[in-house]
Amino acid sequence: MQQIINRFISYITIDTESDPESNTTPSTEKQWDLANKLVEELKAIGLSDVTIDENAYIMATLPSNVEHNVPVIGFVSHFDTSPDFTGANVKPQIINDYDGKDIVLNAEENIVLSPDYFEDLLLYKGQTIITTDGTTLLGADDKAGITEIVTAMEYLINHPEIKHGKIRIGFTPDEEIGRGAHKFDVEKFGADWAYTMDGSQVGELEYENFNAAGAKIKVKGKIVHPGYAKGKMINSMYYASEFINALPRLETPECTEGYEGFFHLHDIEGDVEETTLQYIIRDHDMDKFEARKALLEKIVFDLNTKYESEIFQIEIKDQYFNMKEKVEPVMHIVDIAEEAMKAVGVTPLIKAIRGGTDGSQLSYMGLPCPNIFAGGHNFHGRYEYVPVESMQKAVDVICKIAELTAKEK
Ligand SMILES: [Zn+2]
């Protein structure tokens, strides 16, 4: 446990915040600081083929220690942290034997991590919890995943009696800005399948995520002197609000859960001349996803018809797709993970992600890639925390997956 804590802290105290405004890979220079350190560490624990490319993608191999043929499996996580909240000068606090009460993160600023609000904390009574000091995020997303993968590889190296096939590990930059998989060389990685260690609560196992698209609606108006505008002015903002109200008000993020999809209006910019609406569209079900996109097109068509003018223009772009399509044909990769969890005393929580993961992109790039818990909670903010016991369980799950995959049938 102490080794996990030390390793985790050595990663989170290096700032690796990514930046969506940047066009380089990695998006921020400082991500190299941790990337270079990881490369040295992977070599030091005895992995082979440790490589880092010009975009800071890291790969390494743990060779097979059995004679028979075993599928090559991979474990993937990301070393950047979210630009939603600062990741500079992380000062972790370690709460031993958590008593189930409020945790004061910062007395000076009165920042408290309370189970009254974050009930999940009570799952970890009696455990060791790592929190922030209330002024930064923690970076458990996803340095917990990296800690677990490195620790598991080290454990397998030190315990050659555990039989496993070839294992590939991959660490990426820029996952938090949606680009973690973009420059991932699936062919070079060379695994039959992989797992991202990037979920939250202990037990999470996910192989379904949203289908996702973005829509931009431009509403064209006409500006005329307001005193002489009768019959001439077209105020694009009123037309935009007509469009907004034509969509079902209850199919929004704040009114949906589980497998319910939504339209999310996340940005409006406008004046009389022109208003732009930005939506994201999400649905697990491909048919419903297509129907949502078709509905947006139809509203635009109907309104343009009603006003006998091309006031509305729409542009829809697909963003990512549900990995279920790619994982279901190879369901044994989920079954193995589930079996591994049960074998190490973790109750599997299989549920659909209401978002995307690098694994969904990788799955469509030819590397089926379900997501497994890394143990952290409340990602991307000051209330982020991770129980050390959950990280230990993730290490156990990785080792057990390796062992089960190598079992002779
Ligand atoms: Zn993550």
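## Burial and overall form

Buried residues account for 45% of the 409 residues in the chain; a residue is buried if 20 or more other C-beta atoms lie within 10 Å of its own, exposed if 12 or fewer, and partly exposed in between, with C-beta atoms placed from the backbone. The structure is a predicted model, in which local features need pLDDT of at least 70, side-chain atom pairs count only at pLDDT 80 or more, and totals for chains, interfaces and linings use all residues. Residue numbers start from 1 along each chain as its sequence is written.

The chain contains 10 helices and 17 strands, where helices (H or I, at least four residues) and strands (E, at least two) are DSSP runs numbered from the N terminus. Its radius of gyration is 24 Å, close to the 22 Å that the globule rule gives for 409 residues, so the chain is as compact as a globular protein of that length. The radius is taken over C-alpha atoms, and the globule rule is 2.2 Å times the number of residues to the power 0.38. Along the principal axes, the C-alpha atoms fill a box of roughly 85 × 55 × 40 Å.

## Contacts across the sequence

Of the contacts between residues at least 6 apart in sequence, 78% join residues at least 24 apart. Two residues are in contact if their C-beta atoms, placed from the backbone, lie within 7 Å.

## Annotated binding site

An unreviewed UniProt entry lists His78, Asp141 and Asp198 under "binding site". These residues span 121 residues in sequence, yet no two of their C-alpha atoms are more than 8.1 Å apart, so they gather at one spot. The UniProt positions follow the numbering used here, feature names are shortened, and annotations may be inferred rather than shown by experiment.

His78 belongs to strand S3 (residues 73–78) and is buried, with 28 other C-beta atoms within 10 Å. Beyond its neighbours within four places in sequence, the contacts of His78 include Asp142, Phe171, Glu175, Asp198 and Asp358. Asp198 is located in strand S9 (residues 193–199) and is likewise buried, having 26 C-beta neighbours inside 10 Å. With neighbours within four places in sequence left aside, Asp198 is in contact with residues including Ser77, His78, Asp142 and Asn371.

## The loop at Gly46

Gly46 sits in the loop between helix H2 (31–45) and strand S1 (48–52). Gly46 counts as partly exposed because it has 13 C-beta neighbours inside 10 Å. The C-alpha atoms of Gly46 and Phe189 are separated by 18 Å, the two residues being 143 residues apart along the chain.
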